[in-house]
Amino acid sequence: CVTAVLYYLLNAADAVTGITGGIVIIHCVYKPETTKESAKSFCKVSGSECTTMTEVKNDLWIPEERFSLTDDKTLGFISVLIRNLTMNDSGTYRCKADSKLIKEKKLDVEEGKNEYSHHFLCHTFTGTAVI
């Protein structure tokens with residue numbers, strides 16, 4: 001099972017798509033032997049700046065925050081959960097360890113199709129977030 005999780009994470013897309021009002025989870029893999037004790041963060045790129053959206057806080061997803069990050073130091077990946085997506089969330093993000101780039105990811109947010117697809121997407125991602 002651990003091998004399957006690592007395979008999925010290593011082959012995770014550099015671009016993620018979500019719908020307005022929905023949820024996405026973005027994964028970034030790092031080398032645990034060199035980076036596991038570093039402070040992890042997730043920032044949004046705007047020109048030459050990168051604004052921090054979230055950092056690791058007790059390795060728990062924080063329910064009241066739209067952006068929340070966890071760090072699996074054993075397997076070497078961070079997961080960023082973004083809730084209640086808006087069109088303004090579209091853009092390029094960076095996963096960082098201390099001030100060093102781990103991975104750059106692109107998020108595209110599309111207008112929600114209808115209430116049923118929104119409910120299904122939230123339910124699906126909520127389910128996978130709990131695993």
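Residues are numbered from 1 along each chain as its sequence is written, and side-chain values use heavy atoms, with hydrogens and water left out. Because the model is predicted, local features need pLDDT of at least 70 and side-chain atom pairs count only at pLDDT 80 or more, while totals for chains, interfaces and linings use all residues.

**Exercise 1. The disulfides**

Find how many disulfides the structure holds, and give their pattern along the chain.

Solution. 
- Step 1. Start with the term: a disulfide is a pair of cysteine sulfur atoms within 2.5 Å.
- Step 2. The structure holds two of them.
- Step 3. One joins Cys28 to Cys95, with an S to S distance of 1.9 Å. This pair links distant parts of the chain: Cys28 lies in strand β2 and Cys95 in strand β7, 67 residues apart.
- Step 4. Cys43 and Cys50 form a disulfide too, and their sulfur atoms are 1.9 Å apart.
- Step 5. Count the bonded cysteines along the chain. The pattern is 1-4, 2-3.

Strands here are DSSP runs of E with at least two residues, and helices are runs of H or I with at least four; both are numbered from the N terminus.

**Exercise 2. Handedness and burial of the cysteines**

Which hand does the link of Cys28 and Cys95 have, and is Cys50 buried or partly exposed?

Solution. 
- Step 1. Look at the angle about the S-S bond. For Cys28 and Cys95 it is 45°, and the link is right-handed.
- Step 2. The link of Cys43 and Cys50 has 85° about the S-S bond and is right-handed.
- Step 3. Set the cut-offs: buried means under 20% relative accessible area, exposed over 50%, and partly exposed in between (1.4 Å probe, protein chains only).
- Step 4. Cys28 has a relative accessible area of 0%, so Cys28 is buried. Cys95 also has 0%, so Cys95 is buried.
- Step 5. Cys43 is at 1%, so Cys43 counts as buried. Cys50 is at 21%, so Cys50 counts as partly exposed.

**Exercise 3. The surroundings of β6**

Work out which strands join β6, and why β6 is largely enclosed.

Solution. 
- Step 1. Two strands pair if DSSP finds at least two bridges between them.
- Step 2. Strand β2 (residues 24–29) runs antiparallel to β6, and six bridges join them. Ile26 has Val80 as its bridge partner in β6.
- Step 3. Strand β5 (residues 67–72) is also antiparallel to β6, with six bridges. Here Ser68 has Leu81 as its partner.
- Step 4. Check the two faces. Phe77, Ser79 and Leu81 are buried on one side; Ile78, Val80 and Ile82 are buried on the other.
- Step 5. Six of the six residues of β6 are buried, so the strand is largely enclosed by the rest of the structure.

**Exercise 4. Positive phi in the loops**

Locate Asn84 and Asp98, and give the phi of each.

Solution. 
- Step 1. Asn84 is in the loop between β6 (77–82) and β7 (91–97). Its phi is positive, about 50°, although Asn84 is not a glycine.
- Step 2. Asp98 is in the loop between β7 and β8 (100–110). Its phi is near 55°, again positive in a residue other than glycine.
- Step 3. Asn84 is at 48%, so Asn84 counts as partly exposed. Asp98 has 48% as well, so Asp98 is partly exposed.
- Step 4. Now take a glycine. The hairpin of β5 and β6 has four residues between the strands, and Gly76 there takes a positive phi near 80°.
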